[in-house]
Amino acid sequence: MSAPRTDVEQVERANTAFYEAMERGDFELLSALWLAPLDTADDDIEGEGAVISCVHPGWPVLNGRGEVLRSYALIMANTEYIQFFLTDVHVSVAGDTALVTCTENILSGGPAPDDSDELGPLVGQLVVATNVFRRTADGWKLWTHHASPVLTESGEDEDEETPG
């Protein structure tokens with residue numbers, strides 16, 4: 001595979017790496033994909049750099065590298081299997097900031113029941129996400145991730161309204 005040539009391609013690659021790290025449960029890689037305080041310290045009057053943030057579906061806002069990375073460690077420790085099928089991916093780049101919006105079609109499974117070696121039940125979920133990246137000397141890094149569940153209508157209501 002050739003190296004990405006444009007900013008949009010580089011951001012797409014960074015976004016994909018984020019989801020692949022989650023799928024593999026690779027906490028080291030996932031951590032490396034997020035901004036660190038020194039990545040943006042020159043841009044900040046206080047010299048502390050940009051503060052990262054994250055909103056997981058149904059969670060409150062998490063601010064700061066410690067809180068955000070701790071949340072991913074917890075998710076990885078309690079999820080046996082997760083797979084993301086990204087659709088509706090849109091990338092916009094303005095200078096050193098990039099915005100990615102996408103739909104996360106998620107398939108996940110929890111830990112196996114105590115008396116079994118098999119995966120727990122698989123669950124599908126539809127989530128829309130916004131990922132903001134900043135350009136650093138080491139490439140594009142995640143600044144914020146905000147994910148929100150998509151509410152869908154159940155088929156049960158339709159069945160009740162169908163004359164029969």
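Which residue forms a salt bridge with Asp 96? In this predicted model, the partner of Asp 96 is Arg 135, and the closest N and O atoms of the two are 2.7 Å apart. Asp 96 lies in the loop between strand S3 (81–94) and strand S4 (97–109), whereas Arg 135 belongs to strand S5, so the pair ties together parts of the chain that are 39 residues apart in sequence. Asp 96 has a relative accessibility of 42% and therefore counts as partly exposed. Arg 135 falls in the partly exposed class as well, at 30% relative accessibility.

The structure holds two salt bridges. Besides the pair described above, Asp 7 forms a salt bridge with Arg 135, with 3.0 Å between the closest N and O atoms. This pair links distant parts of the chain, since Asp 7 sits in helix H1 and Arg 135 in strand S5, 128 residues apart. Asp 7 is partly exposed, with a relative accessibility of 28%. Through shared partners, the salt bridges join Asp 7, Asp 96 and Arg 135 into one network.

The overall architecture is considered next. The secondary structure of the protein consists of four helices and six strands. Read from the N terminus, the order of the elements is α-α-β-β-α-β-β-β-β-α. The protein has 164 residues, of which 32% count as buried. Among contacts with a separation of 6 or more, 52% come from residues 24 or more positions apart. The accessible surface amounts to about 10,100 Å², and carbon and sulfur atoms account for 52% of that area.

Helix H3 comprises residues 65–77, 13 residues in total. The distance from its first C-alpha to its last is 18 Å, close to the 18 Å expected at 1.5 Å a residue. The buried residues of H3 are Val 68, Leu 69, Ser 71, Tyr 72, Ile 75 and Met 76. These residues lie on the same side of H3, because they cover an arc of only 150° around the axis. An α-helix has 3.6 residues a turn, so residues three or four places apart point the same way. The exposed residues Arg 70 and Ala 77 are carried on the face of H3 turned away from its buried side. The cover over the buried residues of H3 includes both helices and strands: helix H1 (7–24), helix H2 (27–33), strand S1 (53–55), strand S2 (62–63) and strand S6 (139–149).

Arg 65 is also part of helix H3. Its relative accessible area of 27% makes Arg 65 partly exposed. When neighbours within four places in sequence are left aside, Arg 65 is in contact with Ser 31, Trp 34, Leu 35, Ala 36, Pro 37 and Ile 52. For one of these residues, Ala 36, the C-alpha to C-alpha distance to Arg 65 is 7.4 Å, with a separation of 29 residues in sequence.

On the surface, Leu 126, Val 128 and Val 150 form a nonpolar patch. Together these three residues have about 180 Å² of accessible area. Val 128 is located in strand S5 (residues 122–136), and its relative accessible area of 36% places Val 128 in the partly exposed class. Strand S5 also contains Arg 135, the residue that forms salt bridges with Asp 7 and with Asp 96.

Conventions
Residues numbered from 1 in each chain as written. Predicted model: local features only at pLDDT ≥ 70, side-chain atom pairs only at ≥ 80, totals over all residues. Heavy atoms only, no water. Helix = DSSP H or I, 4+ residues; strand = E, 2+ residues; numbered from the N terminus. Expected span 1.5 Å × (residues − 1). Buried < 20%, exposed > 50% of the residue type's maximum accessible area, 1.4 Å probe, protein only. Arc of directions from axis to C-beta. Contact = heavy atoms within 4.5 Å. Patch = residues over 30% accessible without salt bridge, like charges linked within 9 Å, V, L, I, M, F, W, Y side chains within 5 Å. Areas by Shrake-Rupley, 256 points an atom, 1.4 Å probe, with all protein chains shown as cover. Salt bridge = Lys/Arg side-chain N within 4 Å of Asp/Glu carboxyl O.
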